[in-house]
Each structure stands twice: as structure tokens, then as C-alpha cells.
Amino acid sequence: MRALIRLFHITAIALRYRLDQLLPANRPWWLRLLLAPLALLPAPKQPVAVRLRLALERLGPIFIKFGQLLSTRPDLVSAPLVAELRKLQDDVAPFENNHWAKLVEQALGQPLTELFESVDTEPLASASIAQVHGAVLHDGRRVIVKVVRPGLAPVIERDIALLRLLARLVANISQDGRRLRPVEVVDDYRHTITDELNLLREAANCTQLRRNFLGSKLLYVPDIYWDYCRENVLVQERIEGIGVSDIEQLNAQHTNMQSLAERGVEIFFTQVFEHNFFHADMHPGNIFVARETPESPSYIAVDTAIMGSLTTEDQYYLARNLLAMFRRDYRQVAQLHLDSGWVPANTRIADFESAIRTVCEPIFEKPLAEISFGQVLLQLFRTARRFDMQVQPQLVLLQKTLLNIEGLGRQLYPQLDLWSTAQPYLERWMKQRYHPKTLWAEIQRFGPEWLEKLPHMPQKLYEALSSLEDTSARLGALDARLCELGNPQPGHNRRRRWVIAAALGLAAVCAAEPRLQAIIHEAPIASWLLAGGALFALLAR
């Protein structure tokens, strides 16, 4: 009954703000008939994007958070909607201080006076998911105490179930609705907001990010005090810095804006390609600038609830895609999309290449400093979507983060040329990936896992060798043919057979161990060198 009442409430607000105008034009006849009486109402004075924002604010915190998520999905939502939804503020009234104190005491099992020397009664921030207060530990360390609002889980499940119902309706009424993949967007939101409810996950993310940048002059991540952390309570080092969007204060302390903007780009690429663990919620509220050394500024990052990572294959294909775009090699961009499996294997490469060129060429005719790196990536994904490219959640997070970083960078330093920073970084990273030392380190890293698999290796080798019978027969025929042509001595013949056996054994190990396949797939040069060496040994007399 509660869910039914809530559904009627949502429907009433949607009709009041005429959100039916967001539905696709080619809606089914029964829906057009159902909505026909709305045409008798006065035409709304405000744009539909504004009305959507107002409706979400009326529907409460869960829908506000959903609107904020939509504002980070320009691959699915039109530009006017994205711009308006970014205005949504996740500020809600704080709950009573006594209630907050009881939650902390229940979670940590001690009175507040035993846990902290002092606690600020006024919250530093109060949002739909959590509330944050300042405090001081008994040893004098200044901290923040973050507490999840009570009773959120059932409310979230109820509202997400209704959102999913509405999403299925949108997906079923038209092909345009299905192209937006609304059910997948709601599921993505459910995953995101569920992660935000578990503060232990945020603490673990923060610890990993801090470890990655420990000793770095680029980024500082505040420490987590694990003894005071629970699923609904997080205690973290309190930092003092200037909000990254506070240009007036940054200028007042004579911050080197060019260096600050370029370092932000460097942090992004370091997280994505070197650490493969990137902060995926880098909006201005979560990024600060340290007050020390303004001539060589460094960042401070907070709120690590949402983090992203890529598979090794996605890292490789993304770097190759970006470098191919720098060179305007659209054929390679199209081929890489096919090789990565991002678009169906039956896609016509020529048509895909032509579509990419049509989108990218007008952009690249502008001066580099005027080109948005994130927008190029966005346009590329949109083009690929026309060829049935499936949404890649990890790439969506990456795209969102890149757009945030580039937007912040150009706000700090409008002349920022992200391309000149990115291209040499990616070229250097690709060379390092192919370097023999890197490949050997990968093999050493997998070594312990291989030792664990040794008891199962005979069966895997047998299965792999069974699948290579045809290859073995062809190699045998090649050996016989080479014997006829070269008339080798018996010793050479035996050596050649040993080489063939070794090649088959190596192929069997590759087939039995998927991670070794990934290494060889990443380094085709090494694979060709290996194959060339085997062929040379085979032909040697």
C-alpha cells in the first residue's frame, strides 16, 4: 500500500510539471490516448529541463541523487538536461544532534566523551546519505565524523523499485526509450547508492588511494582512523584547504594556475593508467587545493565512495584509441573498437570509420586549446552507440571523471591544452607496457598463481593439446616439406621436431593460462619476436 501511495505521489508530481513531454515522440497509440487530456492544460512557461529539476527536488533526496547521476551521463541525456540537472543540490536539513550522537555511540560501543575530546554541534555538511561533524580525538588530532542517516535502506529499496518500474515502462514504449537503456541506468544508480551506504567500503577505497599517492607532491589523501570506523560511521583526518572552484582565494594566495591545471590532468592519467584505480566522483565539492607552496600547488581529495578501474584489455584499447585519434587514424579507431568487442563483430569497418571521421573532423579543425578532450571521447562513444555498442560501465565512469577534470582544469586555466599533456603521457605508457622488463615483471607476478595451479596443469595441458591436433598435423606436414627441400641430416631433423614440440607446449600453456594470453595479447611485438625466433630455429641447419 505504501508503494502504491508513493507511486501515485510520483505520478501526480510528474503530471504537474508536465514531464510527459520528455517521453519520445513515437510513443504507442494507447499512451498518446491516455495523455491526450493533458493537451487541454495551459502550456508550461518553463523549459522541460527546469521542470524536471524542480520535480526531482520535490520528490526528495533519492530522486535528487538519481538526477545527479543522470547529470554525469551525457552519453544518454541531452546537453540542456545535463546542464540543468547539475544544479541539483544535495543539501537536506540535518537530523538532531542528540540522534547523531546516539548513532555514533551505538556503532562504536562507547560514550561520545570517551571517544572524542570535543565534537562540533553544528554539522559541517548534511546530505541525503550522510551527515558530517568535526571533532577532536583525545590525542589532539582533528578529525571529521561521518554518519549514515538512519532508516535509509528500506526507503532506497522502495524508491529504486519504483524507478525501475518507470524505467521499464520507458524502455517498452519505444525504440528510442530502449536506446537510452533506462533500466541499466537505474541499476547503475542502485549499485552506486548502495556503495555509499557502506562507509567501510569508502574507508577501504580511501586507504588504497592514499597508498597509491603516498609521498607524492601531486595529491594528498587524508588518513583513515580504522579503530573508529564501522559500516555506518567513518572517522577521517580533517584537512584544511581551498575549494578548487574558489578562484578568488586561489588567486589571492598567488597560486600557479597553469601548474595546478596541468597537475590535475597528470593525476587523472596516473590514476587510470599507472594505478588503475581512479576517483570517479571528482566534482568541485570533493577536491581541495593545499595552502602550502602555492607556486607548486598540490591537490587534496576526499569522498572516495565511488572509485573506478579498467581491465588490462580496456586500458590497452583505450590508450590505443586515444593515440589513434591524436593522429586522426580513424581506421585504427574503428578497428580497435571491433577488436575490443565494444561493437559487434559483424560491424562494417568502412561504415564505422566513415561515421567516426564525420564526427571528429569538424572538431579537429579547431585549435587544440579549444577542443574538449572529454567531448571528443563522448562523441566517439555516441557514434559507436549507433553501431550497437553496448554501454561499458567502467568507461562511463572514466568519461565522467575526464569531463570533470577537464572542466575544472579549464576553469582554473582557460588556455589548458589537455592534448599536449595527454599524448606524450600515453606514448610513454605504451612503450613501458611493451618493455621486456614490464613483461618479465608481469610473468613474475603471476608466478605464485601458476605454482598453485601446477596440480591441475596436466589436465589443462591435455585439454589444450587436444585442441591443437590440427595445428600439430600442419606443422608435421611443414616439417616433412622442409625435409624434402633441405635434405637435412638426422640430427637436424630431431632438433626441428624438438622446436615444434616446444612451440606446441608453449601454445598449450598459453591456452591453459588466460592471464598469459592477456600479456601476449597486449604485446604483439613480443609475440612476433617469439614466433620469429621459433621459425628461425626451425629453419636453421
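Where is threonine 304 found? Threonine 304 sits in the loop between β10 (299–301) and β11 (307–308), strands being DSSP E runs of at least two residues, numbered from the N terminus.

## About the model

This is a predicted model, in which local features need pLDDT of at least 70, side-chain atom pairs count only at pLDDT 80 or more, and totals for chains, interfaces and linings use all residues. Residues are numbered from 1 along each chain as its sequence is written, and side-chain values use heavy atoms, leaving out hydrogens and water.

## Around threonine 304

Threonine 304 counts as buried because its relative accessibility is 1%; buried means under 20% relative accessible area (1.4 Å probe, protein chains only). Setting aside neighbours within four places in sequence, threonine 304 contacts Glu202, Asn205, Cys206, Leu209 and His279, where contact means heavy atoms within 4.5 Å. Asparagine 286 is 18 residues from threonine 304 in sequence, with 8.7 Å between their C-alpha atoms.

Not counting residues up to four places away in sequence, phenylalanine 273 touches Gln315, Leu318, Ala319, Tyr425, Leu426 and Trp429.

Note on methods:
Helices (H or I, at least four residues) and strands (E, at least two) are DSSP runs, numbered from the N terminus. Buried means under 20% relative accessible area, exposed over 50%, partly exposed in between (1.4 Å probe, protein chains only).
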